[in-house]
Amino acid sequence: MGEPTDVVTRYFEALSTGDVDGAVALIADNADFRTPMGSIPDREGIRTFLAGFDAAFPQASYRIDTLLESTASVAAEGIYAGTHNGPLPLPDGSSLASTGREVSVPFVTMFRVVDGAIVSHRPYWDVTDFLGQLTS
């Protein structure tokens, strides 16, 4: 396991323990951070996005099943799981009130890591399935 995989592993460990600041500390100042809902332009926006998920799913976990590294790139595949116990911020500025429902969603995130920092973060998950688990 090289440095890029180590950084990605620490990122998911931080998120799984509610350490949003620890996860954000691994992201470069000028990182290209994208989500299925769009790009997030700066570290404070990234912190807000990650903190919103942490507040909505305070005991969530990222189970990583596969990590593949090639030079500075890392692909992570796994399952995001948690219980919706807080309001979830939505892209339109509204929020989805706590439903108490459990979610389990497969994901893949592509990373680039340079000099020990995440410079590119591109996660992919089925947003329709995710929201459906919360609202059906």
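Contact here means heavy atoms within 4.5 Å. The model is predicted: local features need pLDDT of at least 70, side-chain atom pairs count only at pLDDT 80 or more, and totals for chains, interfaces and linings use all residues. Residues are numbered from 1 along each chain as its sequence is written, and side-chain values use heavy atoms, with hydrogens and water left out.

View 1. Thr109 sits in strand 7; helices (H or I, at least four residues) and strands (E, at least two) are DSSP runs numbered from the N terminus. Thr109 counts as buried because its relative accessibility is 3%. Buried means under 20% relative accessible area, exposed over 50%, and partly exposed in between (1.4 Å probe, protein chains only). Beyond its neighbours within four places in sequence, Thr109 contacts Phe12, Val74, Ala75, Ala76, His121, Arg122 and Pro123.

**View 2. His121, a partner of Thr109.** His121 belongs to strand 8. With 5% relative accessibility, His121 also counts as buried. Not counting residues up to four places away in sequence, His121 touches Tyr11, Asp32, Phe33, Arg34, Thr109, Met110 and Phe111.

View 3. Helix 3 covers residues 43-56, 14 residues in total. From first C-alpha to last it reaches 20 Å, close to the 20 Å expected at 1.5 Å a residue; the expected span is 1.5 Å times one less than the number of residues. Ile46, Leu50, Gly52, Phe53 and Ala56 are buried in this helix.

**View 4. The largest nonpolar core.** A nonpolar core is a set of buried Ala, Val, Leu, Ile, Met, Phe, Trp, Tyr and Cys residues joined through side-chain atoms within 4.5 Å. Helix 1 gives the most, with six residues. Leaving aside neighbours within four places in sequence, Phe57 is in contact with Tyr80, Gly82, Thr83, His84, Leu88, Val103, Phe130 and Leu134.

**View 5. The largest cavity.** On a 1 Å grid over the protein atoms alone, a cavity is a set of points where a 1.4 Å probe fits but cannot get out, and lining residues have an atom within 4 Å of a point. The lining has 16 residues, with Phe53, Tyr62, Tyr80, Pro123 and Trp125 nearest the centre.

Methods: On a 1 Å grid over the protein atoms alone, a cavity is a set of points where a 1.4 Å probe fits but cannot get out, and a pocket is an open set with protein on both sides within 12 Å along at least five of seven lines; lining residues have an atom within 4 Å of a point. Grid points are joined across faces, edges and corners, and a volume is the space filled by probe spheres set on the points.
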